[in-house]
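Here is a short walk through one protein model, taken a region at a time. Keep the 3D view open as you read.

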Amino acid sequence: MYLRNEWMTSCWLLFMISLSFLPNSITQKVKSGDSLNIPCHRNSPDFNTCMIKVLHDVRPILKKGVPKMRIQTLEPMFVPQILVKQGSGPVSIDSTFTDQKIHGMTNYMINGIKIDLDNFKMEVDFYLPWLYIEGGYSIKGQILVLPISGSGDSWSNYTTVTGKAVLTGHSESRNGEEYWGIDDLKFSINVKKATIHMNNLFNGNKQLGDAMNNFMSQNFDAVFQELKPVIDEAIAIILKDIIKKLFAKFPVKALFPI
Ligand SMILES: *[C@@H]1O[C@H](CO)[C@@H](O)[C@H](O)[C@H]1NC(C)=O
């Protein structure tokens with residue numbers, strides 16, 4: 001673990017994502033007057049189970065979107081651009097993914113939730129049966145022992161996706177109301193299996209391209225473990241931004257009724 005951390009700090013890791021569009025699509029123009037009507041009571045013994053049910057009940061809403069509140073559909077979720085750059089190590093790549101459509105997000109299942117309102121700490125474990133992602137890509141670099149280069153369209157299907165988010169914060173008071181101020185969000189994701197397909201790798205050399213796609217799918221776990229810190233960080237940035245906006249809009253007592 002120590003060695004790995006040391007390797008991590010010495011390597012050049014960079015992840016950027018176009019944040020401007022995505023979180024706003026979810027929270028923009030949600031007026032503070034809009035009530036949430038969460039039916040769970042924080043001191044009730046089934047509070048956590050009730051919050052899980054709420055999160056499951058909002059899935060159809062996220063699927064369709066709410067044009068009136070400018071909440072866009074999450075099915076698919078659209079991400080204009082994702083840059084993944086990792087400068088050294090077994091997977092060193094410089095890649096850009098554009099106009100990504102992410103399907104399957106709203107099939108999430110919440111496996112567990114822990115809300116500690118005294119300490120402003122929340123943990124959520126979730127499961128997604130699959131995630132199908134399509135869009136444009138360009139990539140250059142090395143995947144384990146093989147060089148990779150190309151640009152074109154790509155799709156990938158990730159199955160049995162599990163993850164955990166841990167949110168920490170503090171009490172903030174504004175206009176006589178208590179809000180949950182966000183300090184940090186840690187995210188960890190795991191993916192059991194993936195099928196990856198990038199069209200037009202190696203200037204369209206089909207034989208090399210097919211071999212590379214098979215190699216990435218078959219060695220997905222090894223590739224994923226190398227990229228996991230970057231992916232975890234990217235998802236944490238997106239989630240933190242969404243939650244920050246949501247929690248800034250609604251006081252604690254609206255989110256977690258007494
Ligand atoms: C992705 O994988 C899941 C599970 O194997 C499968 O049910 C689904 O049809 C696949 N999606 C696509 C678009 O291939």
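## Helix α5 and its buried side

In α5, the buried residues are G209, M212 and M216; buried means that 20 or more other C-beta atoms lie within 10 Å of the residue's own, exposed means 12 or fewer, and partly exposed is in between, with C-beta atoms placed from the backbone. Look down the axis of α5 and its buried residues fall within an arc of 65°, so they line one face of the helix. That arc is taken over the directions from the helix axis to the C-beta atoms. On the face of α5 turned away from the buried side you'll find the exposed residues K206, Q207 and D210.

What do the buried residues of α5 pack against? They pack against β5, β6, β7 (177–198) and α6 (220–249). As for its dimensions, α5 (residues 206–218) has 13 residues and spans 18 Å from first C-alpha to last, close to the expected 18 Å; the expected span is 1.5 Å times one less than the number of residues.

## The model and its overall layout

A word on what you're looking at: this is a predicted model, in which local features need pLDDT of at least 70 and side-chain atom pairs count only at pLDDT 80 or more, while totals for chains, interfaces and linings use all residues. Residues are numbered from 1 along each chain as its sequence is written.

The protein has seven helices and seven strands, where helices (H or I, at least four residues) and strands (E, at least two) are DSSP runs numbered from the N terminus. Read from the N terminus, the order is α-β-α-α-α-β-β-β-β-β-β-α-α-α. Of the 258 residues, 19% count as buried. Among contacts with a separation of 6 or more, 70% come from residues 24 or more positions apart; a contact means that the two C-beta atoms, placed from the backbone, lie within 7 Å.

## Strands and hairpins

Start with β2 (residues 77–86) and β3 (residues 91–103), which pair antiparallel over nine bridges; strands count as paired if DSSP finds at least two bridges between them. V79 sits opposite Q100 in β3. Their hairpin has four residues between the strands, and G89 there takes a positive phi near 100°. β3 also pairs with β5, again in the antiparallel sense, over eleven bridges, with H103 bridged to Y132 in β5.

Next come β4 (residues 109–116) and β5 (residues 121–143), antiparallel over seven bridges. In β5, M122 is the bridge partner of I115, and D125 is the partner of G112. The two strands form a hairpin with four residues between them, and F120 in the turn has a positive phi of about 50°. How many bridges join β5 to β6? There are 22, and the two strands run antiparallel. Y127 stands opposite T162 in β6, and in this hairpin, with two residues between the strands, L144 has a positive phi near 55°.

L201 sits in the loop between β7 and α5. Is L201 buried or exposed? L201 counts as buried because 24 C-beta neighbours lie inside 10 Å. Leaving out residues up to four places away in sequence, L201 touches I148, G150, L208, G209 and M212. L201 and S154 are 47 residues apart in sequence, with their C-alpha atoms 9.8 Å apart.

Now try D221, in helix α6. D221 is partly exposed, since 13 other C-beta atoms lie within 10 Å. D221 and K193 are 28 residues apart in sequence and 7.5 Å apart in space, C-alpha to C-alpha.
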